[in-house]
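Student: Hi! I'm new to this one. Could you walk me through it?

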Amino acid sequence: MAEGLLNLSPATPASLNASAPAPLRLLLDGIDRLGRLDGWIGGGCLLTLTLLMLAEVTTRALSNVLPFFPPTISIAWEYSSYLMAASFTFGAAMTLRVGGHIRVVLLLKNVPAPVQRALEVLAAATGFAFMAFLTWSMTKFAFGAFMRGQVSTSSDTPLWFPQAVVTFGMLLLTLQFLARAIQAALGLPLEDHRMKASPVE
């Protein structure tokens with residue numbers, strides 16, 4: 001049980017990037033730390049989403065027996081959509097680092113090690129390029145909402161704020177793809193299984 005709880009810690013004892021040149025090691029370790037932060041923020045978003053939905057259900061139930069009680073929380077559905085989007089993007093970088101994304105490795109398992117490394121570099125570089133484009137596009141989208149002063153129709157929430165939060169999650173995934181490409185090129189471990197939550201027995 002103690003081991004399972006220890007693996008949930010945001011800090012890990014030793015760097016898997018130790019054999020990288022000093023400047024790159026600092027960069028890769030920094031991205032790993034951001035990836036851990038990414039996972040914790042994503043978990044916080046899911047917890048907040050759960051509490052908000054429970055509050056909405058409780059409020060609706062109480063309004064059935066207490067006529068003066070409001071039938072709903074006006075921002076519940078709007079903010080739950082923001083939290084859901086944030087939890088998706090904030091969980092992605094840490095999931096990539098622990099190897100949690102679905103991958104088809106049939107080809108990788110049947111080619112020599114040098115080819116495996118080249119394919120990993122290519123895949124990570126492609127992911128980085130795609131996410132960099134998506135992050136840039138989302139940045140422009142959020143900045144446009146800020147400049148136009150757009151707000152939501154139900155709560156007058158400035159739309160640039162939830163869009164900026166989602167954009168930050170995308171940026172962290174972009175950096176994690178960059179780190180993975182560098183790690184693959186240098187022959188470093190691509191996945192840090194110590195960041196996984198071990199089952200508690």
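Predicted model: local features only at pLDDT ≥ 70, side-chain atom pairs only at ≥ 80, totals over all residues.

Student: Great. How many salt bridges does a search of the whole structure find?

Tutor: The search finds four salt bridges. One of them pairs Asp-32 with Arg-97, with the closest N and O atoms 3.0 Å apart. Asp-32 lies in helix α2 (residues 22-65) and Arg-97 in helix α3 (residues 76-98), so this pair ties together parts that are 65 residues apart in sequence.

Student: And is Asp-32 buried or exposed?

Tutor: Asp-32 is buried, because its relative accessible area is 5% and buried means under 20%. Arg-97 is buried too, with a relative accessible area of 1%.

Student: What does Glu-120 form a salt bridge with?

Tutor: The partner of Glu-120 is Arg-180, and their closest N and O atoms are 3.5 Å apart. Glu-120 sits in helix α4 and Arg-180 in helix α5, so the pair ties together parts 60 residues apart in sequence. Both Glu-120 and Arg-180 are buried.

Student: Which side chain meets Arg-180 in the salt bridge of 4.0 Å, N to O?

Tutor: That one is Glu-191. Arg-180 is in helix α5 while Glu-191 is in the segment after α5, 11 residues apart. Glu-191 counts as partly exposed, because its relative accessibility is 25%. Through shared partners, salt bridges join Glu-120, Arg-180 and Glu-191 into one network.

Student: Nice. Changing topic: which residues make the nonpolar surface patch?

Tutor: Phe-143, Phe-146, Met-147, Trp-160 and Phe-161 make that patch, and its area is about 560 Å². Helices α4 and α5 each supply at least two of its residues.

Student: Which helix gives the most to the patch?

Tutor: Helix α4 does, with three residues. Met-147, one of the residues in the patch, lies in helix α4. Met-147 counts as exposed because its relative accessibility is 55%, and the cut-off for exposed is over 50%.

Student: Last one: where is Asp-156 found?

Tutor: Look at the loop between α4 (113-148) and α5 (160-186), where Asp-156 is found. Asp-156 counts as exposed, at 55% relative accessibility.

Student: What is phi of Asp-156 near?

Tutor: Phi of Asp-156 is near 60 degrees, a positive value in a residue other than glycine. Most residues other than glycine have a negative phi.

Methods
Residues numbered from 1 in each chain as written. Heavy atoms only, no water. Helix = DSSP H or I, 4+ residues; strand = E, 2+ residues; numbered from the N terminus. Buried < 20%, exposed > 50% of the residue type's maximum accessible area, 1.4 Å probe, protein only. Patch = residues over 30% accessible without salt bridge, like charges linked within 9 Å, V, L, I, M, F, W, Y side chains within 5 Å. Areas by Shrake-Rupley, 256 points an atom, 1.4 Å probe, with all protein chains shown as cover.
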